[in-house]
Amino acid sequence: MKLHQYRSYESLSLSPVPGVNVIVGENAQGKTNAVEAVFLCALGRSHRTSRDSELIMRDCAGAYVGVQFQRGESLHEIEFKLKEGERRQVYVDKQAITRSAELMGQLNVVMFSPEDLSLIKGGPAERRRFVDMELSQLYPAYYRTLQQYNAVLKQRNALLKSDTAGLDTISLWDEQLSRYGAFIMEKRAAFAQRLQAYGYALHSAVTDGRETLALSYAPNIEMEETGYPLIGKLMDSLSRCVGEDLRRGFTSVGPHRDDLSVLIDGAEARVYGSQGQQRTAALSLKLSQIELLRAETGENPVLLLDDVLSELDDMRGRLLLDALRACQSFITCTSLAGLERAGLTDYTAWRCADGNISPYQ
């Protein structure tokens, strides 16, 4: 990994080991910035900000992020060149790409952060983001369709706020929204089914069989098989809600309102689960993400653990660390004590301080 004028790094060249890499340092030294750079190269966005300007070191005109990785037997490289006030430049194996969809699936990662522990108790948007991120890595076509859906949704919402001007064209937007939306909903429904199989088994193992985790897709409109195509159902729903949408000024039906239902012993985890149960369910979801990526791609994803062990008790920490053993992983922490307490002994430690990462002494 190479960074230049990125966040807190004037210049960094890091060659991590294939196994577990532990980045140790005090707060505000740049540990999260390092794992953020890997996340950026995998998914084309930071997990902390949507503004490229915030990724550039203060008082600098631009930044560079480069990551080399192996997929199968081949070595690959992803590079980002960021310039203040200009469009980013992204390269895969030295070839410029113009669409972010071309980046999806090149480098698969799973991120664990303290914010992920609110995956269960947070709102539907958090769980939709989780589902969309996984599906985008697995299927670049899903990511492209999601982008198209969001673009049309933005246009329809603008039309709804235009005080009835141009409403005679809303059926054209509804047709596009329904076509893209049906594809998204079908992919999400199939994904939830596969996730359920992994989540059920993992949660049972975590809780020694004392709890049952059930995951299911919770669409905004009915999806039951009736012989009536899903595109038609979406069109009907959009048409039926036009009056209400005009009053509200936004589109009230469609996959942008979906959720992922998470039940523990038959009860909604977000409402009835204890904090410990919610965290365990969130951990089961993220661990299921690893298993799904491995099953679909035949390769292990890169794991990024950003200061998450301090948020977990010993039992959940050990479960998470067990998942590291087959993957290249990056863990950030302020002390090695938590790793040793959880039983992790096979790792390479790096010291993060003063804008640099160096071997831990």
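Modeller: Two strands pair if DSSP finds at least two bridges between them; strands are DSSP runs of E with at least two residues, helices are runs of H or I with at least four, and both are numbered from the N terminus. This is a predicted model, so local features need pLDDT of at least 70 and side-chain atom pairs pLDDT 80 or more, while totals for chains, interfaces and linings use all residues. Residues are numbered from 1 along each chain as its sequence is written, and side-chain values use heavy atoms, without hydrogens and water.

Biologist: Thanks! In which sense do β3 and β14 pair?

Modeller: Residues 20-24 make up β3, and residues 348-353 make up β14. N21 stands opposite T348 of β14. Four bridges join the two strands, and their sense is parallel.

Biologist: Which strands stand at the edges of the sheet?

Modeller: The open, mixed sheet has six strands in the order β8-β12-β13-β3-β14-β15. Two of them have a single partner strand each, so one side of each lacks a neighbour in the sheet: β8 (109-112) and β15 (356-359).

Biologist: By how much are neighbouring strands of this sheet turned against each other?

Modeller: Axes here are lines fitted to C-alpha atoms (for helices, over the stretch in contact), and angles between N-to-C directions run from 0 to 180 degrees. For this sheet, direction is ignored and the average is 20°.

Biologist: Is S113 buried or exposed?

Modeller: S113 lies in the loop between β8 and α2 (124-138), where S113 touches D306 and V308, not counting residues up to four places away in sequence. Buried means under 20% relative accessible area, exposed over 50%, partly exposed in between (1.4 Å probe, protein chains only). The value for S113 is 5%, so S113 is buried.

Biologist: How is α8 oriented against α9?

Modeller: Helix α8 (275-297) packs on α9 (314-324) with axes 11 Å apart, at about 5°. L283 and L287 of α8 and L319 and L320 of α9 are among the contact residues. Angles under 35 degrees count as roughly parallel, over 145 as roughly antiparallel, 65 to 115 as roughly perpendicular and the rest as oblique. So α8 and α9 are roughly parallel.

Methods: Contact means heavy atoms within 4.5 Å.
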